[in-house]
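This report describes the fold, the surface and two local regions of one protein. The sequence and the structure are shown first.

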Amino acid sequence: MTDTYTPPTVWTWDRENGGQFANINRPIAGPTHDKVLPIGTHPFQLYSLATPNGVKVTVMFEELLAAGHDAEYDAWLINIGEGDQFGSGFVGINPNSKIPALMDHSTTPPTRLFESGAILLHLAEKYGAFLPVDAALRPECLSWLFWQMGSAPYLGGGFGHFYAYAPEKWEYPINRFAMETKRQLDVLDRTLAERTYMTGDAYTVADIAIWAWYGQLVLGRLYSAAEFLDVESYGHVLRWAKVIDARPAVQRGRMVNRSFGEPETQLHERHDARDFETRTQDKIGPKD
Ligand SMILES: N[C@@H](CCC(=O)N[C@@H](CS)C(=O)NCC(=O)O)C(=O)O
């Protein structure tokens with residue numbers, strides 16, 4: 001970074017800051033337009049996109065269904081690049097205007113949920129699944145689940161933003177957040193050296209949440225940063241990431257609400273288990 005910056009007395013909004021996603025970043029909350037969200041036939045209505053935060057929830061639904069729970073859901077695509085998160089219907093579910101957002105219509109009145117960690121916990125408690133009941137293991141699972149919620153913004157909003165999305169590459173923030181990201185990977189590596197999954201022997205919501213970010217990072221799917229961060233040096237994280245990646249429910253969950261990548265990996269909307277076979281973009285074309 002060559003130029004120094006003297007902050008003005010009062011910050012003002014520079015709409016043209018040049019970074020990727022500058023068009024959707026703004027310093028005010030609330031809706032920008034009226035838009036009623038669609039509602040399907042299932043008890044759960046998910047409004048999301050297959051980013052790491054979105055994938056946590058679609059993986060959880062697919063895992064619940066694979067385990068035999070009655071957790072059918074409709075998944076609707078929210079295109080955050082086009083500002084769908086600022087529509088009035090979406091803001092009514094999530095005043096924070098970020099995916100994922102969920103309506104649980106199995107309650108009267110329906111329950112709104114936002115924040116992926118809250119959604120995972122709601123579903124885990126509702127079905128008694130992927131959350132240990134053991135008095136020692138449950139708090140361990142919750143600790144790792146909330147570790148993910150607190151840590152990933154350094155990876156995504158910090159490292160990912162400055163390494164991949166900022167208008168220029170600046171050494172100071174990239175160094176700052178690469179260091180923190182590598183420290184977090186080391187935290188995970190030391191833990192996974194001693195146990196199969198984040199909480200112990202069982203796969204839980206903590207694994208689902210952490211895998212979506214850190215598992216996909218070491219598998220080379222985020223920010224084209226695997227070599228830069230030397231992810232190969234975190235052998236225990238890699239071992240764990242590959243085991244989770246091979247789960248059929250995880251492979252399905254990654255496809256739901258995906259609007260990028262190879263057409264056969266994109267299932268924009270999911271309303272039925274058969275959609276994975278019949279409704280991917282290679283089968284229905286780019287206009288759907
Ligand atoms: N802590 C939130 C983070 C959600 C989040 O940051 N979602 C991003 C996509 S990964 C988003 O919707 N961004 C749209 C925006 O910032 O306008 C969660 O875990 O649900």
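Two residues are in contact when heavy atoms lie within 4.5 Å. Helices (H or I, at least four residues) and strands (E, at least two) are DSSP runs, numbered from the N terminus. A residue is buried under 20% relative accessible area, exposed over 50% and partly exposed in between, with a 1.4 Å probe and protein chains only.

The model is predicted: local features need pLDDT of at least 70, side-chain atom pairs count only at pLDDT 80 or more, and totals for chains, interfaces and linings use all residues. Residues are numbered from 1 along each chain as its sequence is written, and side-chain values use heavy atoms, with hydrogens and water left out.

**Overall fold**

The protein contains ten helices and four strands, arranged along the sequence as β-α-β-α-β-β-α-α-α-α-α-α-α-α. Its radius of gyration is close to the value from the globule rule for 288 residues, so the protein is as compact as a globular protein of that length. The radius is taken over C-alpha atoms, and the rule is 2.2 Å times the number of residues to the power 0.38. Of the contacts with a separation of 6 or more, 65% link residues 24 or more positions apart.

| Property of the protein | Value |
|---|---|
| Radius of gyration | 19 Å |
| Globule rule for 288 residues | 19 Å |
| Box of C-alpha atoms along the principal axes | roughly 60 × 50 × 40 Å |
| Buried share of the 288 residues | 48% |

**Helix H8**

Helix H8 spans residues 248-255, and its buried residues are Ala249, Val250, Gly253, Arg254 and Met255. These buried residues pack against helices H1 (52-66), H6 (205-218), H7 (235-245) and H9 (275-278). Just after H8, Asn257 adopts a positive phi of about 60 degrees.

**Trp76**

Asn257 is also one of the contacts of Trp76, a residue of strand S2 (residues 73-77). Trp76 is buried, with a relative accessible area of 14%. Beyond its neighbours within four places in sequence, Trp76 touches Pro38, Ile39, Gly40, Gln45, Leu46, Tyr47, Ser48, Glu269 and His271, among others. Pro38 is 38 residues from Trp76 along the chain, and their C-alpha atoms are separated by 7.8 Å. The side chains of Trp76 and Gln45 are joined by a polar contact of 2.8 Å. A polar contact is a pair of N or O atoms within 3.5 Å; within protein, one must be able to donate a hydrogen and the other to accept it, and residues adjacent in sequence count only if both atoms are side-chain atoms.
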